[in-house]
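Visitor: I'm new to reading protein structures. Could you pick one part and take me through it slowly?

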Amino acid sequence: MSSPPAYPGIRISGCRALGAEGSSAEALDRLLPPVGTGRAPRKRTTSQCKSEPPLLRTSKRTIYTAGRPPWYNEHGAQSKEAFAIGLGGGSASGKTTVARMIIEALDVPWVVLLSMDSFYKVLTQQQQEQAALNNYNFDHPDAFDFDLIVATLQKLKQGKSVKVPVYDFTTHSRKKDWKTLYGANVIIFEGIMAFADKTLLELLDMKIFVDTDSDIRLVRRLRRDISERGRDIAGVIKQYNKFVKPAFEQYIQPTMRLADIVVPRGSGNTVAIDLIVQHVHSQLEERKLRWDMAALASAHQCHPLPRTLSVLKSTPQVRGMHTIIRDKETSRDEFIFYSKRLMRLLIEHALSFLPFQDCVVQTPQEQDYAGKCYAGKQITGVSILRAGETMEPALRAVCKDVRIGTILIQTNQLTGEPELHYLRLPKDISDDHVILMDCTVSTGAAAMMAVRVLLDHDVPEDKIFLLSLLMAEMGVHSVAYAFPRVRIITTAVDKRVNDLFRIIPGIGNFGDRYFGTDAVPDGSDEEEVASTT
């Protein structure tokens with residue numbers, strides 16, 4: 001990639017020296033300049049701290065399309081390598097804030113943020129003791145596991161899922177649980193040593209250096225380490241003078257020359273951020289990774305429903321039950337009763353698509369009977385929480401000894417990010433036929449993420465059955481286009497999805513009506529927005 005000229009910007013003149021008020025995080029806040037000038041502050045675009053990066057960032061206006069996710073071609077294989085942006089700069093220079101602003105302004109689907117802070121090496125007992133006394137240098141290249149960073153970034157660029165460690169800064173150790181990230185269209189990798197490794201540099205398609213005044217970086221570090229990491233002001237200043245400042249001068253500042261773009265003033269330099277966004281858009285267009293979202297969003301209207309879709313026959317009985325559960329005046333008891341009846345019919349219908357083979361048994365009268373036997377190894381049900389779990393009793397009622405797994409996928413209401421919060425799957429699921437259950441599917445976003453989770457556990461695509469009481473045409477096309485061998489089974493398909501991604505005419509918020517809970521704010525359906533299905 002040809003390097004664009006570094007954006008010169010204007011360096012701020014400095015900030016007030018740290019005075020007597022520096023003993024509290026609140027006082028430190030007053031020493032920081034406001035972020036941005038002349039425009040309203042941008043909305044937060046990640047909901048987790050740097051040590052726990054978000055799984056995916058998506059725009060509510062762009063992800064819900066009939067198009068195949070960008071890492072797939074028409075054959076279901078990855079066709080394009082993700083665009084990787086490196087974001088370097090000194091400690092507390094505002095790299096994460098700049099990353100969030102870029103993500104928000106990019107407004108493209110499938111962006112993942114990967115923080116270098118997750119990749120600190122596991123310390124020995126002696127190093128742990130030194131760290132407790134602020135005598136361990138966390139700002140040295142040797143403090144990071146570059147081999148793991150490179151391997152992780154390589155897999156993400158290939159569209160593969162990765163396990164990312166979660167670092168606990170209060171104990172200077174990795175937590176037991178790791179985070180799962182999935183391949184994306186754009187990867188933003190940020191960290192103080194983002195440009196300190198040659199192999200890592202070769203993986204970055206664009207390099208940005210955030211250049212912030214040293215006084216501001218010190219104040220930010222004091223505020224962060226005191227309020228978030230349980231440190232005292234004396235220890236923070238000792239560590240800063242002994243390790244942070246010398247490391248910046250020796251290892252970090254020299255890497256500024258490697259950057260394609262330098263951003264003075266960090267998140268306050270909104271002009272530079274807008275230029276970065278324009279450049280990324282141009283690169284995505286060259287790679288054919290930026291789509292005409294409006295055209296794709298309406299594409300489902302031009303195509304017939306896919307062959308992989310099977311809709312339960314709309315008999316008077318089925319239509320009568322739909323009439324009851326769609327009626328806003330229906331009591332909760334009746335809603336539950338008739339929903340369960342529909343679920344049972346849906347499960348029975350879905351089982352007819354499982355593979356069966358001829359077999360012969362003997363009757364009590366010692367006569368042969370030529371029948372059919374299930375030809376698979378095992379059936380496993382996986383529910384997308386919370387509404388999907390309401391279908392589990394119907395599955396258990398018709399499949400003896402069925403195994404059950406659960407996936408919790410929710411969209412952050414402030415950011416529009418689908419996030420994988422919980423995953424529990426039975427062992428050796430790769431040989432099973434998997435019945436993936438959710439009660440409503442409007443856009444298909446959560447369903448697609450759930451299918452990706454199953455594929456990453458080696459479940460063959462043609463062994464996945466997506467079951468839902470009600471689906472929107474958009475969701476049907478999205479799932480079918482992304483995963484053309486997944487069987488989609490439902491009791492009804494509605495035509496439209498409104499601006500809040502609610503199915504029209506729809507069924508309302510299934511989880512709230514079933515469990516008797518309050519509606520999600522903004523009138524959004526939990527299954528259609530909070531769970532993004």
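Guide: Let's start with Ile188, which is buried, with a relative accessible area of 0%. Buried means under 20% relative accessible area, exposed means over 50%, and partly exposed is in between (1.4 Å probe, protein chains only). Keep in mind that this is a predicted model, where local features need pLDDT of at least 70, side-chain atom pairs count only at pLDDT 80 or more, and totals for chains, interfaces and linings use all residues. Residues are numbered from 1 along each chain as its sequence is written, and side-chain values use heavy atoms, with hydrogens and water left out.

So where does Ile188 sit? You'll find Ile188 in strand E7, residues 186-190. Strands (E, at least two residues) and helices (H or I, at least four) are DSSP runs, numbered from the N terminus.

Now look at who is around Ile188. Setting aside neighbours within four places in sequence, Ile188 is in contact with Ile85, Leu87, Ala99, Ile102, Ile103, Val111, Val112, Leu113 and Leu114. Contact here means heavy atoms within 4.5 Å. Gly86 is worth a glance too: Ile188 and Gly86 are 102 residues apart in sequence, yet their C-alpha atoms are 6.0 Å apart in space.

Phe510 is buried, at 0% relative accessible area, and Tyr514 counts as buried at 10%. Phe515, on the other hand, is partly exposed at 29%.
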